[in-house]
Amino acid sequence: MTDMTVSFLFIVILLLAFFASQYSDTDTVPRKELEAERQLRTVAEEMVVKLQEQIGIKDARIRELEMLLETQQAQNREQAKDIDRLKREIEELRRKLEVADPLEAYLASAAQVRKQILERLRDQLKIDFPDLKVELSEQSDALRFQGDGLFDTGSSQLRADRKQIVTSVATRLGNILPCYTLGKLTQWDLACNSGGVVIEALQIEGHTDSTGNANSNLTLSTNRANTTFIAMTDSEPRLIDFQNLRKQPVLSVSGYGQMRPVADNSTKDGRDTNRRVDLRIIMFTPSRSEEISKIRTALQNGQYEGGPNEPLR
């Protein structure tokens, strides 16, 4: 058995020797080519890494743009909803206007006209007198002149250098009132007063701060209002000819002393604000829509055809 095994191994060795003698290493390459190949492979691998990095950056940018697009689309959807909502609100307002109560429309027009008149006066005065302290009231129904701007403290006599302000107001009112009042000076048309509104009263109001005696302040405020009234009518006498629907002069005066503060009397700034003269416009407010046509007829004719104290009916 051993001999057979040795013989077998000997044969195997002979075969290996034969195949070894027949082998030729035809795949062998020069070292230089091998090194060049390795360098190319290294460069390729580096390029692959860089391309992968660029692909990662581009992918991140794509995701960022996709998120931005989704956000923009969501905003556009919200904006579209807002636009639709506003359109519905506008349509609703239009429907309301179509069926609006004539009385409500008249009252709204009267309030708007009053604000426009006062704003016009304020803006013109600020151009003519840049340092004048005159403002529109919170309710847009009066012009407020700081008291010390027209009068010295404790005095009811107009400051000589401020009398021109009062005469300027009088002149401008003389040009405005014909379109909103009755009487022989009425000059109404749709161009100047399309709503056909009428001024009930143009009131000059005197006010003081809380310093001093209340009765004395009441007298002082009334005297200041009277002084302003006299200066205005002396400058523009026709102001007393402008009438309301009851054939009463629209220009009037009143003094409230310290009873109607508009600021805190515990501070100097508040007291300065409370010492003032207000020019307040009160519009006529009909109680029924049926009166509106009569008001416009009165404007056209220059007077209301009724007794001096007879209300519209």
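Of the 313 residues of the protein, 34% count as buried, meaning under 20% relative accessible area, with exposed over 50% and partly exposed in between (1.4 Å probe, protein chains only). This is a predicted model, in which local features need pLDDT of at least 70 and side-chain atom pairs count only at pLDDT 80 or more, while totals for chains, interfaces and linings use all residues. Residues are numbered from 1 along each chain as its sequence is written, and side-chain values use heavy atoms, leaving out hydrogens and water.

**Overall picture**

- Eight helices and five strands make up the secondary structure; helices (H or I, at least four residues) and strands (E, at least two) are DSSP runs, numbered from the N terminus.
- Reading from the N terminus, the elements follow the order α-α-α-β-β-α-α-β-α-β-α-β-α.
- Among contacts (heavy atoms within 4.5 Å) with a separation of 6 or more, 71% link residues 24 or more positions apart.

**The nonpolar core**

- The largest nonpolar core has 49 residues, and Phe145, Leu173 and Leu279 have the most contacts inside it; such a core is a set of buried Ala, Val, Leu, Ile, Met, Phe, Trp, Tyr and Cys residues joined through side-chain atoms within 4.5 Å.
- Elements that each supply at least two residues of this core include helix H3 (102-128), strand S2 (142-146), helix H5 (163-176) and strand S5 (276-283).
- H3 gives the largest share of this core, seven residues.
- Beyond its neighbours within four places in sequence, Leu279 is in contact with several residues, among them Leu118, Leu121, Leu143, Phe145, Val169 and Leu173.

- Five of the five residues of S2 are buried.
- Ala142, Arg144 and Gln146 point one way from S2, whereas Leu143 and Phe145 point the other way.
- S1 and S2 pair in the antiparallel sense over three bridges, where pairing requires that DSSP finds at least two bridges between two strands.
- In this pair, Glu135 stands opposite Arg144 in S2.
- S1 and S2 form a hairpin with five residues between them, and Ser140 in the turn has a positive phi of about 55°.
- S2 also runs antiparallel to S5, joined by five bridges, and here Leu143 stands opposite Leu279 in S5.

**Helix H5**

- With 14 residues, H5 reaches 20 Å from its first C-alpha to its last, close to the 20 Å expected at 1.5 Å a residue; the expected span is 1.5 Å times one less than the number of residues.
- The buried residues of H5 include Ile165, Val166, Val169 and Leu173.
- An α-helix has 3.6 residues a turn, so residues three or four places apart point the same way.
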